[in-house]
Amino acid sequence: MNRRSFALVFSASAIALSGFVSAAAPRSAFAQAAAAPVSPVTPRIADHVFIVSFDGGKPAVMKESRMPTFMKMMQEGAGTWEASTIFPSITLTSHTSMLTGVGPEKHKVLWNEWVPEKGMVTVPTIFSLAKKQDKNISTAMFVGKQKFAHLFLPGSLNGFSMPSYSAKIVARQAADYIQQEKPNLCFIHFADSDGAGHQYGWGTPQQIQAFADEDQALAVVRDAIKRAGIEKTSLVILTADHGGHAKTHGTRSAEDMIIPWVIWGAGVKKNFTITTPVTTYDSAATALYALGVALPAEFDGKPVVSAFLNAPAGATAGAAAMPGAAK
């Protein structure tokens, strides 16, 4: 896909959402306080940050699936199989926390479908916060579900596309964009595993295959980062929005609430287990922290600093090396 073809995809999305954009709800108190004091700007750790979400990524099932790229990145980076999502443990609510750094009580996105009349999220996203600090930061989002359009705040994204439910198609389009545009902050969503979970059940052979397909999609993204010549200055976060049980999710049960969280790349410790608590909104805080973007005082998320080589003194308390790591 060349630059012009992606521009057409982006323009088509923008046109389709034009009425939705104009119907945005009034800004929340949090959004109005965006100019309030924030955390100090920290030195940039990475020039490019990618968040990749495996929809319905239940750790127990992912461990049973053929996911060599995911597992290698965990071994080459830092991670935990025991991170937590928010409640309700549903896709749009969780991803909104993942990409805004706040819990549902602040962002108030409690629905889970594309509902145009509800407008857009009324708190800043990581994309709008990054651009507020530096308008030259380039941002992009590639997703498999239409409901993510609720997070497309005006002026926050240089690229936005919903090409298909298929992770492989999403990954190919994201890969083309990465190679051409080298975004500084990019979110990529893989939907297949959630669809298989709802249709066949969590942990079924069909879902295990869906995770394998998504891992192949992840490999395409990894390869694109390398081909773009930005691998040494890139950081990748691998995570999920929720787990699942039977053919559903959304409860407070551990099956639904526990998710994986992996960080790989520039400035990250290798073969390292994160044992400090991690919640889905920490993805937002960590992404901005790595880019040197100041965090709003209202953030619930905190950077997972124990995963970084040059973390502040005392930040590594409670962390331990993965089995087999050098002592």
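R222 is buried (under 20% relative accessible area, where over 50% is exposed and anything in between is partly exposed, with a 1.4 Å probe and protein chains only), its relative accessible area being 18%. A salt bridge here is a side-chain nitrogen of Lys or Arg within 4 Å of a carboxyl oxygen of Asp or Glu.

This is a predicted model, in which local features need pLDDT of at least 70, side-chain atom pairs count only at pLDDT 80 or more, and totals for chains, interfaces and linings use all residues. Residues are numbered from 1 along each chain as its sequence is written, and side-chain values use heavy atoms, with hydrogens and water left out.

## Salt bridges across the chain

The count of salt bridges comes to nine. Side chains of opposite charge can pair when their charged atoms come close. One of the pairs is K106 with D300, whose closest N and O atoms are 3.0 Å apart. This pair links distant parts of the chain, 194 residues apart: K106 is in helix α7 (residues 104-107), and D300 is in the loop between α13 (282-291) and β9 (320-321). Helices (H or I, at least four residues) and strands (E, at least two) are DSSP runs numbered from the N terminus. K106 is partly exposed at 29% relative accessibility, and D300 is partly exposed at 21%.

K168 and D213 also form a salt bridge, at 4.0 Å from N to O. Here helix α9 (residues 167-181), which holds K168, is joined to helix α11 (residues 205-227), which holds D213; the two residues are 45 apart in the chain. K168 counts as partly exposed, with 32% relative accessibility.

D256 is found in helix α12 (residues 254-257). D256 is buried yet has no salt bridge, and the nearest side chain of opposite charge, K58, is 6.5 Å away.

A polar atom of the D256 side chain lies 3.1 Å from the backbone nitrogen of G250. Leaving aside residues up to four places away in sequence, D256 touches T85, S89, H242, G243, G244, H245, T248, H249, G250 and T251. Contact means heavy atoms within 4.5 Å.

Conventions: Lys, Arg positive; Asp, Glu negative; His and termini not counted. Polar contact = N/O pair within 3.5 Å; in protein donor to acceptor, adjacent residues only side chain to side chain.
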